[in-house]
Amino acid sequence: MTKKTILSISIIVNIILATVFAVSLPGAMGELVYEYVEQDTIRPDTIRKYLEWENYGTVAALSRPIRGGAEVADTDADYYKLGEYAELLFLKEVYKRAGNADSAEACEDRISEIRREMPEYGALLDKIDLSVANAVKE
Amino acid sequence: MKCINCGADVRLTDKVCPYCGRVIKENAGYRADMEYYKRDSAKTKKKVREILSENIPIVISAIILVVLLIADGVLLYVEENAFYFRESAAQRESVKKYETYSAAIQDYLDAGDYAGFSAFEEYHNIAEWEPPYDDLNLLCDMAKEYSSLVSAVEEVTMFGPDAKWYRPESDIRSCRSAIWYFNFQFEHNLSKIDEDPYKDYIYDMKAKADTIMEVYLGLDEAGRDEYFASSSNKQEAYLEEVLLHD
């Protein structure tokens, strides 16, 4: 093998390695960006799907991260808020029965706030109200 | 060597004696050899320079290749382990913000919102097994199970009027497991719970879990005793009866 051949091969390998490096670098740096919440783990598409199926309990469970301080994209915020509404309704009933009047009241305040913030979802919020009312076993 | 005319010390390369001026012929052979070696050395140096100049691009390319290999390896390692780096960074952040976070945690606990607390703990990567959060360890474990129970019960009970429930059997099985696991953890850790600084919250969590079962699954105290005393098949059958046929 001549020196020219060796040089040519090493240059080609270098170009391939440099390309791999250049392509991988933004991805690796992106992976390292520190955020409290990775929104993809909260699965906004899944939340939308369960909203369409009227599985409000699943929507409530999937939206829970925002009650823990998770930040979500503005475009998806409404879906999570609907889930928050459903979960607070569910928990309000528990707090009421368990004798935690303050917690039940705090849930009620937030529930009313969400209703005020989302007048366009009034019909959907009514359905969520109904789903919790039907879920309660007297 | 010595000059044979004046006896002074002269160098092997001297053509004439620097003291008496006599032409020195005795070292002519040595001087000729020296000239030959000098010329040969120049040729060798020239050849070495030529070889070097031919090989320098290969050497540089090889060095670049090694550097790029290392860089690609580092990138691959970073991509593979990014999750752990991020988690570790978040945990360090949680230690830095201990005062803020512990105040927020206390708010969740005071409100009895253990599911919210679990979400907070998870999404702020609280390192509950390390100081200064290590006293939260058992509370966090129990809150995770409580959170799973809340989710599981929500998933099998809250449906709109035109709901599609695609996997009722599977969801009911998961719900039974979540309830069983929370109660198992509570019973299993009872002695630890009694020594835990957050034991009151854990007992309250258990009371809330019982209330959830009562409110949404129709299991009052007597019903729960009977439910937990029965086999897993009977527990599942009960949940199916309550959730699918009521």
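Predicted model: local features only at pLDDT ≥ 70, side-chain atom pairs only at ≥ 80, totals over all residues.

## A helix pair across the chains

On the side of α3(A), the contact is made by G57(A), T58(A), A60(A) and A61(A), while α4(B) contributes S151(B), E154(B), E155(B), V156(B) and T157(B). Sorted by class, the contact of α3(A) with α4(B) has 3 nonpolar, 4 polar and 2 charged residues.

## The helix α4(B)

With 21 residues at 1.5 Å a residue, α4(B) should span 30 Å, and this agrees with its end C-alpha atoms, which are 31 Å apart. The helix α4(B) is also mostly covered, since 17 of its 21 residues are buried.

## The wider interface

Taking the two chains as a whole, 52 residues of chain A are in contact with 50 residues of chain B. The side of chain A that touches chain B draws at least two residues from each of α1 (3-32), α3 (56-67), α4 (77-98), α5 (101-117) and α6 (122-135) of chain A, and the largest share, 17 residues, comes from α1(A).

By class, the side of chain A that touches chain B consists of 30 nonpolar, 12 polar and 10 charged residues.

Key:
Residues numbered from 1 in each chain as written. Chains lettered and ligands numbered in written order. Contact = placed C-beta atoms within 7 Å. Helix = DSSP H or I, 4+ residues; strand = E, 2+ residues; numbered from the N terminus. Nonpolar A, V, L, I, M, F, W, Y, C, P; charged D, E, K, R; others polar. Expected span 1.5 Å × (residues − 1). Buried ≥ 20, exposed ≤ 12 C-beta atoms within 10 Å, placed from the backbone.
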